[in-house]
Amino acid sequence: MRFMIIVKATAESEAAARPAPDEALLAAMADYHEKLARAGVLLDASGLKPSAQGWRIRYDGESRSVIDGPFTETKELIAGYTLIQVKTREEGLEWARRFPNPAGAGKPAEIEVRQLYELDDFAPSTAIERFRDMEMARQ
């Protein structure tokens, strides 16, 4: 089972020109991610640059349009993520509970945890087999 721990953006993370968490938060995040890595469950983790440096693609029928950031609703934005692979939902929940407060100790914050779909979640089909072939090629 793979889970993505999603760090929600804040006004501060959206305003940052470069990463600027304090040293205590960086140390807590490093400790946490080292524990994930030692346990063999860490797949990937990274912070995201502010939405001002990104864009969205809007679909309307067959047409597509590009919308440049920044985007105003920070509660809908992601500032970073950690991707883990565990054996059970409960194990994923335990790791998520240990995630350091992304805003810093004592500050209000929220993370969201979502399970990723696995190919076995889908009915067998030619398209699913194509995805399985891509997975095999990556290994």
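Does Ser51 count as buried or exposed, and at what relative accessibility? Ser51 counts as buried, because its relative accessibility is 8% and the cut-off for buried is under 20%. Keep in mind that this is a predicted model. The protein has four helices and six strands, and four strands make up an open sheet with the order 2-5-1-6. Here's a quick tour, topic by topic.

**Overall layout**

- Starting at the N terminus, the elements go β-α-α-β-β-β-β-α-β-α.
- The C-alpha trace spans about 50 × 45 × 25 Å along its principal axes.
- Of the protein's 139 residues, 23% count as buried.
- The accessible surface is about 10300 Å², and carbon and sulfur atoms own 53% of that.
- If you look at contacts with a separation of 6 or more, 73% of them come from residues 24 or more positions apart.

- Strand 2 (42–47) and strand 6 (111–115) are the edge strands, and each pairs on one side only.
- Going from one strand to the next, the twist averages 15°.
- As a reminder, strands of a sheet pair through backbone hydrogen bonds, in either a parallel or an antiparallel way.
- Strand 5 (residues 78–85) is tied to strand 2 by five bridges, with the two running antiparallel.
- Two residue pairs to look for on that side are Gly47, which stands opposite Gly80, and Asp44, whose bridge partner in strand 5 is Leu83.
- Strand 5 also pairs with strand 1, again in the antiparallel sense, over seven bridges.
- Within that pairing, Val7 has Gly80 as its bridge partner in strand 5.
- Strand 5 is mostly covered, with six of its eight residues buried.

**Helices on the sheet**

- Helix 2 (residues 23–39) lies across strand 1 (2–8), strand 2 and strand 5, and runs at about 160° to strand 2.
- Helix 3 (residues 89–97) lies across strand 1, strand 5 and strand 6, at about 30° to strand 1.
- Which residues of helix 3 are buried? They are Gly92, Trp95 and Ala96.
- Those three sit on the same side of helix 3, because they cover an arc of only 100° around the axis.
- The other side of helix 3 has Glu90 and Arg97, which are exposed.
- The buried residues of helix 3 pack against strand 1, helix 2, strand 5 and strand 6.

**Gly92 in helix 3**

- Gly92 is found in helix 3 and counts as buried because its relative accessible area is 2%, with the cut-off at under 20%.
- Its contacts, leaving aside neighbours within four places in sequence, are Phe3, Ile84 and Val86.
- Gly92 and Met4 are 88 residues apart in sequence, yet their C-alpha atoms are 9.3 Å apart in space.

**The nonpolar core**

- In soluble globular proteins, nonpolar side chains tend to be buried together.
- In this protein the largest nonpolar core has 17 residues, and those with the most contacts inside it are Ile5, Tyr32, Leu36, Ile84, Val86, Trp95 and Phe99.
- Strand 1, helix 2, strand 5 and helix 3 each supply at least two residues of this core.
- Helix 2 gives the largest share, four residues.

- What does Ser51 touch, not counting residues up to four places away in sequence? The list is Glu14, Gly69, Pro70, Phe71 and Leu77.
- Two of those contacts, Gly69 and Pro70, are themselves joined by a cis peptide bond, with omega at about 10°.
- Pro70 is found in the loop between strand 4 (63–68) and strand 5.

Notes: Residues are numbered from 1 along each chain as its sequence is written. This is a predicted model: local features need pLDDT of at least 70, side-chain atom pairs count only at pLDDT 80 or more; totals for chains, interfaces and linings use all residues. Side-chain values use heavy atoms; hydrogens and water are left out. Two strands pair if DSSP finds at least two bridges between them. Axes are lines fitted to C-alpha atoms, for helices over the stretch in contact, and angles run from 0 to 180 degrees between N-to-C directions. Contact means heavy atoms within 4.5 Å. Buried means under 20% relative accessible area, exposed over 50%, partly exposed in between (1.4 Å probe, protein chains only). The arc is that of the directions from the helix axis to the C-beta atoms. A nonpolar core is a set of buried Ala, Val, Leu, Ile, Met, Phe, Trp, Tyr and Cys residues joined through side-chain atoms within 4.5 Å. Accessible areas come from the Shrake-Rupley method with a 1.4 Å probe; for residues, only the protein chains shown count as cover.
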